[in-house]
Amino acid sequence: MDDLDVSDLTFTGFVLSLASTAAVHFGDLPDPATGSKGQADLDAASRIIEVLAMLQQKTKGNLIKEEERLVDDLLYELRLRYVQAQQDDKRIIEP
């Protein structure tokens, strides 16, 4: 396994990876490990949303405007997707 160089990590990249993980849990994107879309796991998607909300709270006042906007926008979209998934399991992202 390659050593992870933390200098390559960015806040934006980390936040986007969390959003992608949520999309996998919603069943909107294929699992990178298997390449196939799995069954939606709304509990797991909800936990990712909670992690992003915690990051938003803990980083308040410490982000540049673009990062703050990214977190706000992603949380809005993921929360909306969660409500839609609970209502009728329609996907926002179509293959």
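This is a predicted model: local features need pLDDT of at least 70, side-chain atom pairs count only at pLDDT 80 or more; totals for chains, interfaces and linings use all residues.
A residue is taken as buried when its relative accessible area is under 20%. The fold itself is quick to describe: the chain has three helices and zero strands, and reading along the sequence gives the pattern α-α-α. As for how the chain meets itself, take the contacts between residues at least 6 apart in sequence: 56% of these join residues at least 24 apart.

Start with the pairing of α1 and α3. Helix α1 covers residues 11-26 and helix α3 covers residues 65-87; their axes come within 11 Å and cross at roughly 5 degrees. Angles under 35 degrees count as roughly parallel, so α1 and α3 are roughly parallel to each other. On the α1 side, the contact is made by F11, T12, V15, L16, A19, A22 and F26. On the α3 side, E67, L70, V71, L74, L78, R81, Y82 and A85 take part. Sorted by type, the residues of this contact split into twelve nonpolar, one polar and two charged.

The buried residues in α2 are A44, A45, S46, I48, I49, L52 and L55. What covers them? The cover includes α1 and α3. At the start of α2, D41 has a side-chain oxygen that reaches to within 3.3 Å of the backbone nitrogen of D43.

D41 also turns up when V24 is examined. V24 sits in helix α1, and the C-alpha atoms of V24 and D41 are separated by 8.7 Å, with the two residues 17 apart along the chain. Is V24 buried or exposed? Its relative accessible area is 18%, and since the cut-off for buried is under 20%, V24 is buried. Setting aside its neighbours within four places in sequence, V24 is in contact with L29, P30, D31 and P32.

How values were computed: Residues are numbered from 1 along each chain as its sequence is written. Side-chain values use heavy atoms; hydrogens and water are left out. Axes are lines fitted to C-alpha atoms, for helices over the stretch in contact, and angles run from 0 to 180 degrees between N-to-C directions. Helices (H or I, at least four residues) and strands (E, at least two) are DSSP runs, numbered from the N terminus. Angles under 35 degrees count as roughly parallel, over 145 as roughly antiparallel, 65 to 115 as roughly perpendicular and the rest as oblique. Contact means heavy atoms within 4.5 Å. Ala, Val, Leu, Ile, Met, Phe, Trp, Tyr, Cys and Pro count as nonpolar, Asp, Glu, Lys and Arg as charged, and the others, Gly among them, as polar. Buried means under 20% relative accessible area, exposed over 50%, partly exposed in between (1.4 Å probe, protein chains only). A polar contact is a pair of N or O atoms within 3.5 Å; within protein, one must be able to donate a hydrogen and the other to accept it, and residues adjacent in sequence count only if both atoms are side-chain atoms.
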